[in-house]
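Reader: I would like to learn how to read a structure like this one. Please show it to me, and we can go through some features in turn.

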Amino acid sequence: MPQTPCSLPRRRFLAVSAAALLGLGAAAPAAARARQVPVPESVLDAGPQAMALTFDDGPSPQYTPQVLDVLRDHGVRATFFVCGDNVGRYPDVVRRIAAEGHVLGNHTWSHPHLGELSAADVRDQIQRTQDAVTEIGGRTPVLFRAPYGEFADASLAVCGDLGLRPISWSVDPTDWANPGSDTIADRVLAGATTGAIVLNHDGTEGGDDDPAPGSGGDRSQTVAALKSYLPRLIEAGYTFTTPDAHPPRRNPSRMFRRSDRLGSA
């Protein structure tokens with residue numbers, strides 16, 4: 001389905017004092033001070049030729065294991081932004097992701113448009129996923145990616161409360177559209193640079209006939225492209241890391257690229 005592209009303006013890390021907003025001055029108690037609100041990060045400070053591979057909308061019982069096989073064969077760690085609904089449906093896949101040293105990130109419970117939800121519902125989407133991943137994956141997520149890249153103010157506030165870093169991307173090969181594995185690989189290779197965060201998909205958000213996020217959708221082209229571009233990047237001298245291994249950039253990029261489709265992240 002087509003979607004009007006949009007971008008998210010840069011927000012610096014803000015430490016806005018509730019006391020200042022109320023005109024109470026510095027004497028206001030510490031409890032009245034608002035938390036820091038993080039900004040979505042689309043690039044990393046990770047050293048020369050270091051980049052990050054990320055996978056959204058899973059886990060999928062069909063495609064996530066194939067992705068894991070490729071990563072294992074090349075000794076690469078990646079980040080999997082999982083939907084909480086799928087975490088409970090496919091716990092063995094979640095456990096494998098964790099056991100093989102990859103990072104589990106929060107991608108909400110059911111992949112909604114967060115800007116269309118109440119603040120309470122946004123918090124529920126994120127908190128339920130935190131709880132599910134912690135219980136099954138054995139570690140509480142520290143990274144968050146909003147569905148469709150729509151980091152609504154309410155989700156950023158929850159990230160501040162829960163200590164989650166919102167992670168965007170800088171390279172979108174639009175693998176969700178199945179443009180062909182060669183095209184996907186070429187787009188990743190063209191976008192490869194120091195600090196790049198690559199968006200891939202090992203699942204899909206589903207639809208009316210497929211209510212389980214990640215349980216449907218053909219991601220075979222993503223797997224084939226990964227088999228093609230990953231060894232070529234390694235041969236070119238690139239190494240792979242995960243966002244949680246590096247501190248946030250002091251000056252996050254102004255915006256991140258989004259594609260023109262609702263199912264793009």
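Reader: How many bridges join S4 to strand S5, and do they run parallel or antiparallel?

Author: This is a predicted model. Strands S4 and S5 (residues 103–106) are joined by four bridges and run parallel. Across this pairing, Phe-81 stands opposite Gly-105 in S5.

Reader: Which way do S3 and S4 run?

Author: They run parallel, and four bridges join them. Thr-54 stands opposite Thr-79 in S4. Between S3 and S4 the chain passes through helix H2 (residues 63–74), in a β-α-β crossover that is right-handed.

Reader: Which residues point each way from S4?

Author: Thr-79 and Phe-81 point one way, Phe-80 and Val-82 the other, and all are buried.

Reader: How many aromatic pairs are there in the whole structure?

Author: A search finds two. In one, the ring centres of Phe-55 and Phe-80 are 5.2 Å apart; the planes are at 20°, under the 30 degrees cut-off, so the pair counts as stacked. Phe-55 belongs to strand S3 (residues 50–58) and Phe-80 to strand S4 (residues 79–82), so the pair ties together parts 25 residues apart in sequence. Phe-55 has a relative accessible area of 0% and is buried; Phe-80 is also buried, at 0%.

Reader: What about Phe-144 and Phe-151?

Author: Their pair is edge-to-face, with 6.0 Å centre to centre and 80° between the planes. Phe-144 is buried, at 0% relative accessible area, and Phe-151 counts as buried at 3%.

Reader: Where does the charged end of Arg-128 sit?

Author: That end is placed over the ring of Trp-109, 4.0 Å from the ring's centre.

Definitions and conventions: Residues numbered from 1 in each chain as written. Predicted model: local features only at pLDDT ≥ 70, side-chain atom pairs only at ≥ 80, totals over all residues. Heavy atoms only, no water. Phe/Tyr/Trp six-rings, centres within 6.5 Å; stacked < 30°, edge-to-face > 60°. Helix = DSSP H or I, 4+ residues; strand = E, 2+ residues; numbered from the N terminus. Buried < 20%, exposed > 50% of the residue type's maximum accessible area, 1.4 Å probe, protein only. Lys NZ or Arg CZ within 6 Å of the ring centre and 35° of its normal. Pairing = 2+ DSSP bridges. Right-handed = clockwise from strand over helix to strand, strands pointing away.
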